[in-house]
Amino acid sequence: MAAEFEVKLARSGRTIPVDAGQSVLDALQAHGVEVATSCQQGVCGTCQTRVLEGEPDHWDMYLTPEEQAANDCFMPCISRSKSAVLVLDL
Ligand code: FES
């Protein structure tokens, strides 16, 4: 299946494809990248990850609208990407 978008990990330079049917978190974990999680529903904030470049597609209920609009962090357990590549501080 073609990737819906890609996440690039700024610290390692790795690029990980995210398929339409999987969460960013699933894609990261499938490639051995560990992110702390709890609810996996965009509610708790545990998985909050900094976004360095790109535009997240926010689906969480944790960040305020202002925080979502800032586009400098997102919840990889549920949120996706509007841009073809999302660069993460991982
Ligand atoms: S694990 Fe709870 S918001 Fe992602």
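The dialogue below explains how to read the strands and the overall fold of a predicted model.

Q: On what basis are residues numbered and features reported here?
A: Residues count from 1 along each chain as its sequence is written. The model is predicted, and local features need pLDDT of at least 70, side-chain atom pairs count only at pLDDT 80 or more, and totals for chains, interfaces and linings use all residues.

Q: How many helices and strands does the protein chain have?
A: Helices (H or I, at least four residues) and strands (E, at least two) are DSSP runs, numbered from the N terminus. The protein chain has 2 helices and 7 strands, in the order β-β-α-β-β-α-β-β-β from the N terminus on.

Q: Which strands pair with β1, and in what sense?
A: Two strands pair if DSSP finds at least two bridges between them. Strand β1 (residues 3-9) is joined to β2 (residues 15-19) by 5 bridges in the antiparallel sense, with valine 7 opposite isoleucine 16. These two strands form a hairpin with 5 residues between them, and glycine 13 in the turn has a positive phi of about 75 degrees. Strand β1 also runs parallel to β7 (residues 85-88), through 4 bridges; there, lysine 8 stands opposite valine 87.

Q: Which residue in β7 is the bridge partner of glutamate 53?
A: The partner is valine 87; β3 and β7 pair in the antiparallel sense over 2 bridges.

Q: What does the radius of gyration show about the protein chain?
A: The radius is taken over C-alpha atoms, and the globule rule is 2.2 Å times the number of residues to the power 0.38. For 90 residues, a compact globule would have a radius near 12 Å, and the protein chain agrees, with 12 Å.
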